[in-house]
Amino acid sequence: MNRNHALAMLKKYLNNQNLLKHCLACEAIMKDLAPLYNQNLEEWALVGLLHDIDYEITKNCPESHGLEGARILSKVGYSDNIVAALRSHNPATGHVPNSILEKALFAVDPVSGFIVACALIHPNRSLSELDLDFLMNRFKEKSFARGADRNQIQSCNNLQLSLNEFLLIALQAMQKISPQLGL
């Protein structure tokens with residue numbers, strides 16, 4: 001499976017443009033994380049891109065989010081690694097992230113939304129203006145971007161990354177594709 005196929009599938013299942021941008025952000029972050037662990041760049045990018053393929057289908061049944069996506073991707077022949085990562089990225093499924101790929105996606109999913117929230121409150125509403133200090137200050141504000149689970153983001157420690165390292169990698173990955181994200 002290649003990116004063009006994955007993107008076409010994603011667009012078949014998702015209509016919300018902000019959700020599509022979220023998937024692009026996760027793809028970029030996963031792609032930049034893969035080399036740190038000598039992992040398959042394409043596989044990691046595809047996991048980031050496709051992880052929310054079932055979001056609109058399962059929005060009224062959150063405990064199914066990830067499970068339905070795993071079923072969809074398994075049916076069309078995606079690898080067991082990709083399928084398992086989708087299944088375990090949502091804590092509500094009860095599947096615990098075990099592999100390095102699964103742990104990475106688990107941490108990446110909320111961090112992308114957190115960084116977007118930071119960009120939206122920044123005076124220039126731009127990723128290019130954000131820096132690590134800005135992110136860390138907002139991270140400490142529990143009332144800011146409440147939907148971005150801080151514990152899930154801090155699970156980056158399971159990747160042998162400090163919070164600072166992880167936030168910086170994620171920010172830089174998203175800055176590379178800022179025009180696609182509209183930020």
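Colleague: At what angle do helix H2 (residues 17-33) and helix H10 (residues 163-176) pack, and how far apart are their axes?

Modeller: Two packed helices are described by the angle between their axes and the distance between the axes. Here H2 and H10 pack at an angle of about 120°, with axes 8 Å apart. That makes H2 oblique to H10. Angles under 35 degrees count as roughly parallel, over 145 as roughly antiparallel, 65 to 115 as roughly perpendicular and the rest as oblique. Axes are lines fitted to C-alpha atoms, for helices over the stretch in contact, and angles run from 0 to 180 degrees between N-to-C directions. Helices are DSSP runs (H or I, at least four residues), numbered from the N terminus.

This is a predicted model: local features need pLDDT of at least 70, side-chain atom pairs count only at pLDDT 80 or more, and totals for chains, interfaces and linings use all residues. Residues are numbered from 1 along each chain as its sequence is written, and side-chain values use heavy atoms, with hydrogens and water left out.

Colleague: Which residues of H2 and H10 meet?

Modeller: From H2, Ala 25, Ala 28, Ile 29, Asp 32 and Leu 33 are in contact (heavy atoms within 4.5 Å). Their partners in H10 are Phe 166, Ile 169, Ala 170, Ala 173, Met 174 and Lys 176.

Colleague: Which residues have the most contacts inside the largest nonpolar core?

Modeller: In soluble globular proteins, nonpolar side chains tend to be buried together. The largest nonpolar core here has 65 residues, and Leu 73, Phe 114 and Ile 115 have the most contacts inside it. Such a core is a set of buried Ala, Val, Leu, Ile, Met, Phe, Trp, Tyr and Cys residues joined through side-chain atoms within 4.5 Å. H7 gives the most to this core, with eleven residues. Leaving out residues up to four places away in sequence, Ile 115 touches several residues, including Leu 127, Leu 167 and Met 174.

Colleague: Is Leu 101 buried or exposed?

Modeller: Leu 101, in helix H7, counts as buried at 4% relative accessibility. Buried means under 20% relative accessible area, exposed over 50%, and partly exposed in between (1.4 Å probe, protein chains only). Its C-alpha atom is separated by 9.7 Å from that of Asn 40, 61 residues apart along the chain.

Colleague: Which phi value does Gln 160 have, and where does Gln 160 lie?

Modeller: Most residues other than glycine have a negative phi. Gln 160 has a positive phi of about 65° and lies in the loop between helix H9 (150-154) and H10. Gln 160 is exposed, with a relative accessible area of 68%. Arg 125 also has a positive phi, of about 45°, and is found in the loop between H7 and H8.

Technical notes
Helices (H or I, at least four residues) and strands (E, at least two) are DSSP runs, numbered from the N terminus.
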